[in-house]
Amino acid sequence: MALVAGCSAEPEPASEPAPAQSVLDAVLANGEIKICSTGDYRPFTHLDESTGRWDGIDIDMAADLAAKLGVRLTIVKTTWGTLVDDLGRTCDIAMGGISVTTDRAKRAFYSDPYLVDGKTPITRCENAARFQTLEQINQPGVRAVVNPGGTNEQFAKANLTRATIVPHPDNNTIFEEILAGRADLMITDATETRWQQQQHPELCAVHPEAPFTFSEKAYLLPRGDVVLQEWVNGWLRIAQNDGTYTRFAQPRLG
């Protein structure tokens with residue numbers, strides 16, 4: 001009796017899933033990159049609502065990024081409170097003095113940092129000696145103005161438990177509250193305090209060389225998009241070493 005040996009075909013190896021398309025590929029295909037920015041954080045980003053004109057260090061950097069990609073640039077206005085939500089929904093990248101935080105990093109990628117910063121006070125010059133430390137600031141009767149939705153508000157709520165926190169919705173006009181005497185000071189990034197004291201001689205940045213905190217500025221990218229992150233980091237390294245970033249930053253930061 002002949003025996004017929006059964007043979008079973010070897011299972012085919014599982015096919016690798018197709019890699020997800022990078023935002024970089026979509027940008028190149030569409031010929032356009034959309035960049036979110038708040039427009040209210042000089043010297044990094046500013047939107048003149050009356051003319052629709054954008055300017056700032058990171059606006060210039062955004063234009064350079066688009067030029068290097070060979071695509072047109074569209075700036076999309078966002079807010080600090082909706083910044084991460086808008087990334088990937090209304091824009092491809094977010095730029096404009098964005099601080100690196102662990103909370104944002106849960107939901108998005110960052111580029112390499114391009115600036116070291118930290119929180120420090122700014123006040124009328126005659127009050128600078130009064131507000132050197134957090135203990136001096138965190139006292140009943142001290143009014144600290146703050147813009148909602150970002151790291152300034154988070155810092156104020158965490159550290160100013162006895163002082164009065166005065167919310168002000170427009171970061172473009174917030175320093176006028178100090179000048180007008182409706183607030184005593186603001187705690188914000190040292191870079192911004194340096195720029196604001198140049199614009200308003202009555203205001204003094206309080207020890208911007210030794211801020212209360214350490215932070216870094218970087219560009220916000222879609223979570224998981226390593227291809228885009230690598231391209232942005234490469235472009236940023238070149239811009240920091242060929243004079244591009246300095247050309248945009250020096251006139252505003254000195």
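Trainee: What is the mean pLDDT of the chain, and what share of its residues reach 70 or more?

Mentor: The mean is 92, and 93% of the residues reach 70 or more. The pLDDT is the predictor's confidence in each residue, on a scale from 0 to 100. This is a predicted model, in which local features need a pLDDT of at least 70 and side-chain atom pairs count only at 80 or more, while totals for chains, interfaces and linings use all residues. Residues are numbered from 1 along each chain as its sequence is written, and side-chain values use heavy atoms, with hydrogens and water left out.

Trainee: Over which residues is the pLDDT below 50?

Mentor: Over residues 1-9. Where pLDDT is low, the predicted coordinates should not be read in detail.

Trainee: What makes Cys36 and Cys91 a disulfide?

Mentor: A disulfide is a pair of cysteine sulfur atoms within 2.5 Å. Cys36 and Cys91 have an S to S distance of 2.1 Å, so they meet that definition. The structure holds 2 disulfides, and the other one joins Cys125 to Cys204, also with S to S at 2.1 Å. With the bonded cysteines numbered in sequence order, the pairing reads 1-2, 3-4.

Trainee: Why is the disulfide of Cys36 and Cys91 called left-handed?

Mentor: The torsion about its S-S bond is about -105°, so it is left-handed. Cys36 lies in strand 1 (residues 32-37) and Cys91 in the loop between helix 3 (83-86) and strand 6 (93-99), so this bond ties together parts that are 55 residues apart in sequence. Helices (H or I, at least four residues) and strands (E, at least two) are DSSP runs numbered from the N terminus.

Trainee: And is the disulfide of Cys125 and Cys204 left-handed or right-handed?

Mentor: Its S-S torsion is about 90°, so this one is right-handed. Cys125 sits in the loop between strand 9 (119-124) and helix 5 (134-137), and Cys204 in strand 13 (residues 203-205), so the pair ties together parts that are 79 residues apart in sequence.

Trainee: How do you know whether Cys36 is buried or exposed?

Mentor: Buried means under 20% relative accessible area, exposed over 50%, and partly exposed in between (1.4 Å probe, protein chains only). Cys36 has 0%, so it is buried. Cys91, with 2%, is buried as well. Cys125 has 28% and therefore counts as partly exposed, and Cys204, with 22%, is partly exposed too.

Trainee: What makes us say that the buried residues of helix 10 line one face?

Mentor: In helix 10 (residues 244-253), Thr244, Tyr245, Phe248 and Ala249 are buried. Seen down the helix axis, they fall within an arc of 90°, so they line one face of the helix. The arc is that of the directions from the helix axis to the C-beta atoms. On the other side, Arg247 and Pro251 are exposed.

Trainee: What do the buried residues of helix 10 pack against?

Mentor: They pack against helix 2 (57-69), strand 8 (115-117) and helix 9 (226-241). Just after helix 10, Gly254 takes a positive phi of about 80°.

Trainee: Why does Trp235 count as buried?

Mentor: Its relative accessibility is 5%, so Trp235 counts as buried. Trp235 lies in helix 9. Leaving aside neighbours within four places in sequence, Trp235 is in contact with Met61, Asp64, Leu65, Lys68, Met95 and Tyr219. The C-alpha atoms of Trp235 and Lys68 are separated by 8.1 Å, although these residues are 167 apart along the chain.

Trainee: How do you know that Gln229 is buried?

Mentor: Gln229 has a relative accessible area of 17%, so it is buried. Gln229 is also found in helix 9. Not counting residues up to four places away in sequence, Gln229 touches Phe109, Tyr110 and Leu221.

Trainee: Why is the chain called more spread out than a compact globule?

Mentor: The chain has 10 helices and 14 strands. Its radius of gyration is 24 Å, well over the 18 Å that the globule rule gives for 254 residues, so it is more spread out than a compact globule. The radius is taken over C-alpha atoms, and the rule is 2.2 Å times the number of residues to the power 0.38. The C-alpha atoms fill a box of roughly 110 × 40 × 35 Å along the principal axes. Buried residues make up 47% of the 254 residues.

Definitions and conventions:
Contact = heavy atoms within 4.5 Å.
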